[in-house]
Amino acid sequence: MGGEKRICLAIVTRDRAAKLERYLLPSLRPLLDDGYPVVVVDQSTDGDTERLVRGFPEMHYLRAEPGISRARNAAVRWADTQYIAFTDDDVTLPPDWLDKIVRILDSSPAAGAVCGRGVSSQGELLPGSCAAEYRWPKSPFGLGNGFNMAFRRTVFDQVGLFDEDLGGGAQYLSAEDTDMFYRVMKAGWTVVCSDEITVVHHEWRSVTDMRELHRGYGLGAGAQVARHVAAGDRTMIRIAARETALHLLTAMRAALTLRPSLMRLQSAFLRGFFRGLVASHRAASGRQDEPALRP
């Protein structure tokens, strides 16, 4: 792996070679020319992504079984740099993105993670938190995005890897990133949100796709809440109550202001949230009822 650089970039992709080629790869050229280690963790069912990545001898290629958390964990195990950054295949990065992440983490010794904002292809600012350094018990929901985040490598030694039951391709379709932010803060680290590392997150999903995506966001968030509450975290109950109230209020305002698309997205999130909450609670209860295994 790359010599003097203190940060590497990990990209997880599955059956989206065309989007990887169109959106992300052109913006990787400056990073590769600067010698940054870049690894693509491929979960595709075809060979298109591998053929594409193999055309860039500076990039490293790994295979992983389905599940974004499983793939990110493979990247963490592969990495030997001080910091590790993550992005998605439908993102365009500025050329100084990794440089700025390193400067932020170097100047914030208490920070275990840093996350940046995203803008759409049209330049519209996407949801996220204001620039600041956040501590537990800050809510992890809406704190940052998995397409623009980085961590100290030592954080994973302390808090563990990404929860492989959470995230795309897993039982609960999201929240692997917010779960990690929460665990990082709960372990005593801070999370820095910075506007200096904003990226472009391209929009390509249909209205129906977006509704299903928000249902998945809710499903993962509900599962995340249930898992922490089952582990005795009472603070998460208060965080979940505030998050639920926020989405209910947003849905009501959308209905009153005749914004049906927003109302449907909020409703999809809430349906997913309660489904994830119940399913994960039942799963946790089942595990607790199992007899202990004999050595």
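Two strands are taken to pair if DSSP finds at least two bridges between them, and helices (H or I, at least four residues) and strands (E, at least two) are DSSP runs numbered from the N terminus. The structure is a predicted model, in which local features need pLDDT of at least 70 and side-chain atom pairs count only at pLDDT 80 or more, whereas totals for chains, interfaces and linings use all residues. Residues are numbered from 1 along each chain as its sequence is written, and side-chain values use heavy atoms, with hydrogens and water left out.

Strand 1 (residues 7–13) pairs in the parallel sense with strand 4 (residues 83–88) over six bridges, and Cys-8 stands opposite Ile-84 of strand 4. Strand 1 also pairs in the parallel sense with strand 2 (residues 38–42), here over five bridges, with Thr-13 opposite Asp-42. Together with helix 1 (residues 17–33), strands 1 and 2 make a right-handed β-α-β unit; right-handed here means that, with the strands pointing away from the viewer, the path from the first strand over the helix to the second runs clockwise. Seven of the seven residues of strand 1 are buried, a term that denotes under 20% relative accessible area, with exposed meaning over 50% and partly exposed in between (1.4 Å probe, protein chains only). In a regular strand the side chains alternate between the two faces of the sheet. In strand 1, Ile-7, Leu-9, Ile-11 and Thr-13 point one way, while Cys-8, Ala-10 and Val-12 point the other way.

Asp-90, which is buried at a relative accessible area of 1%, forms a salt bridge with Arg-16, the closest N and O atoms being 3.7 Å apart; a salt bridge is a side-chain nitrogen of Lys or Arg within 4 Å of a carboxyl oxygen of Asp or Glu. Because Asp-90 lies in the loop between strand 4 and strand 5 (91–92) and Arg-16 in the loop between strand 1 and helix 1, the pair ties together parts that are 74 residues apart in sequence. The side chain of Asp-90 is also joined to that of His-201 by a polar contact of 3.2 Å, a polar contact being a pair of N or O atoms within 3.5 Å, of which, within protein, one must be able to donate a hydrogen and the other to accept it, and residues adjacent in sequence count only if both atoms are side-chain atoms. His-201 is located in strand 9 (residues 190–201) and is buried, at 15% relative accessibility.

By the rule given above, the count comes to 18 salt bridges. One of them joins Asp-165 and Arg-227 (3.0 Å, N to O), linking the loop between helix 5 and helix 6 to helix 7 (residues 207–230) across 62 residues. Asp-165 is partly exposed, with a relative accessible area of 30%.

Helix 6 (176–186) has 10 of its 11 residues buried and is therefore largely enclosed by the rest of the structure. The helix is followed by Gly-188, whose phi is positive, near 105°.

Most residues other than glycine have a negative phi, and most peptide bonds are trans. Ala-175 has a positive phi near 80° and is buried, with a relative accessible area of 5%, whereas Leu-258, with a positive phi of about 60°, is exposed at 72% relative accessibility. A cis peptide bond, with omega about 15°, joins Trp-136 and Pro-137.
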